[in-house]
Amino acid sequence: MRASFGLTFFLVAAGALASTNWDAAGNSWWAHVQFLADDKLEGRNVGSAGYETAADYVVSEFQHAGLEAGAKDGYSQSVGFTKATLDEAKSKLTLTGGGMPLEVKLGDDALITSSMNVAGVDAPLVFAGYGLDIPEANYSDLKGEGLKGAIAVYLAGGPVNIATELKSHHSSGSERAAAMKAAGVIGTISIPNPRSMDIPWARQSANRLLPRMSLSDPAFAPQAAIEFTATWNPEKADLLFEGSGHSIQEILSAADSGQPLPHFRLSRLLEARVAVTQEKVESRNIVGLRPGSDPSLKNQSVIISAHLDHLGVGEKINGDGIFNGAMDDASGIASVIEIARTLKAGKVKTKRSVVFLAVTGEEKGLLGSNYFAQFPTAPGRLVADINMDMFLPLFPLRYLEVQGLNESTLGDDIRVAAKTANVIVQADKDPNANRFIRSDQYSFIRRGVPALAFKFGWLPGSPEEKIYRDWYRDRYHAVGDDLSQPVDLKAAAQFDAILVSLIERIANAPQAPQWKPDSFFRQFAK
Ligand SMILES: [Zn+2]
């Protein structure tokens, strides 16, 4: 049954691909990016007027694409947030113990990332390796009494011999907070490894006063929140290690050569005072529905998602302070819209329902998708999430990197869809960057729903690798992710076409997608 289905699919898809005008399709895709990443939308921050304009645009495009309203009242699902803004002038970190007290230079030396007011923390510092607790791999940095009442200092990343997905899961904010809390830790300081730092320190520092947000619905009250959290500049980390007999160089060399990291108490203590103001903010997810045609399978929903929010407006750099977020993630929203239009134009009927989802609050911690996954307005059961977040169409599409490729049968589906278009599928090449848990697909994965996410692929040492890496260095979460950057529009349209094939395949298959028997994430499926 499956084989003959595959053959029909192949013929239909190959026919559709051969007749597509890629330039026109690319321009149509780019027009959405141009609207959403215009300076007028001011970076589409959660709760801003620019975000509302973007949301209205998506509603109208969903209507044109023939999608039904997919939320309870129309196309919008409202989501409530608590916004926390750091008052840096009233906040202070001081290294005490072992000599003269040293005031930490906020921005240069460290960034406070707490969302809560912190008064009177004065605690010993303990270096705890990667700060991870991974029971499945029999690995723990958090054993022993030394961490009780202490601030744990750790290097971001994880041991090379532990599977990426496992490490990624346990590095997520909520898992880490729970493990730290269980170890009695009262605060954490993470030191990024310069080798896997996506955003250079200067830019992290420039963005440090952007507000943080959390979901205000009580269903999301954190199980275990760590009161004090900070990130330390790796170039200034020896301020922490002074007098301990260890250095950041020693720790980075151990990490980079795959050696175990040391665990030790630092000679300094940290005094922290953090002032945060909180306010309520409303935003919304946009949901469009293409109901399934099969009387029973229409009660299963395939989600096609991307995030509509971005970082808003920050400090001006060379006269520009607007984070346009053209690739991050106007590009993904443009693809969600184009995929819906293509299905309408082809009068495609799918047995399962397909839900088109533009979420808010991704940049604040996958919040809009988390809300939707907790309170879905889709018909019946969610069976898959296909997420697009800056898939980076910066050069021709020959390779497609797929996160989650080997975790579920969705990996087999994307292999078929890509092969039909002569595109070679690659697994995640940069596992330490934790991309599988860093976008909205993870909100679904955590609830047992198989998912995929994508990046344009490349071969190591190729010019495409350089373009890709330069993009992260120069444009990721920077004002340069705007409409003036070079983008391969034709390749973006070809990507959309592969996604259309993939979605048809998933939405029509006799069986719903399944986790692979050896997938770590299978445990989340009920
Ligand atoms: Zn982003």
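## A buried histidine

At 11% relative accessibility, His477 counts as buried (buried means under 20% relative accessible area, exposed over 50% and partly exposed in between, with a 1.4 Å probe and protein chains only). Asp328 is buried as well, with a relative accessible area of 1%.

## About the model

Before going on, note that this is a predicted model, in which local features need pLDDT of at least 70, side-chain atom pairs count only at pLDDT 80 or more, and totals for chains, interfaces and linings use all residues. Residues are numbered from 1 along each chain as its sequence is written, and side-chain values use heavy atoms, leaving out hydrogens and water.

The pLDDT is the predictor's confidence in each residue, from 0 to 100. For this chain its mean is 92, and 95% of the residues reach 70 or more. Over residues 1-15, however, the pLDDT is below 50, and beyond near neighbours in sequence this stretch has 15 contacts in the model (contact means heavy atoms within 4.5 Å). Where pLDDT is low, the predicted coordinates should not be read in detail.

Helices (H or I, at least four residues) and strands (E, at least two) are DSSP runs, numbered from the N terminus.

## An enclosed strand

Now look at strand β15 (residues 300-307): eight of its eight residues are buried, so the strand is largely enclosed by the rest of the structure. Gln300, Val302, Ile304 and Ala306 point one way, and Ser301, Ile303, Ser305 and His307 the other.

Strands of a sheet pair through backbone hydrogen bonds, either parallel or antiparallel. Two strands count as paired if DSSP finds at least two bridges between them. β15 runs parallel to β19 (residues 381-387), joined by six bridges, with Ser301 partnered by Leu382. With β18 (residues 353-359), β15 pairs in the parallel sense over seven bridges, and there Val302 stands opposite Val354.

## An open sheet and a helix

Elsewhere, eight strands form an open sheet with mixed pairing, in the order β4-β3-β13-β6-β9-β10-β12-β5. Its edge strands are β4 (102-103) and β5 (110-112), each pairing on one side only. Helix α8 (residues 248-256) packs on the sheet, touching β6, β9, β10 (187-191) and β13 (263-274), and its direction makes about 55° with that of β9. Axes are lines fitted to C-alpha atoms, for helices over the stretch in contact, and angles run from 0 to 180 degrees between N-to-C directions.

## A loop contact

Finally, find Glu88 in the loop between β2 (76-86) and β3 (92-96). The side chains of Glu88 and Arg208 are joined by a polar contact of 2.7 Å. A polar contact is a pair of N or O atoms within 3.5 Å; within protein, one must be able to donate a hydrogen and the other to accept it, and residues adjacent in sequence count only if both atoms are side-chain atoms.
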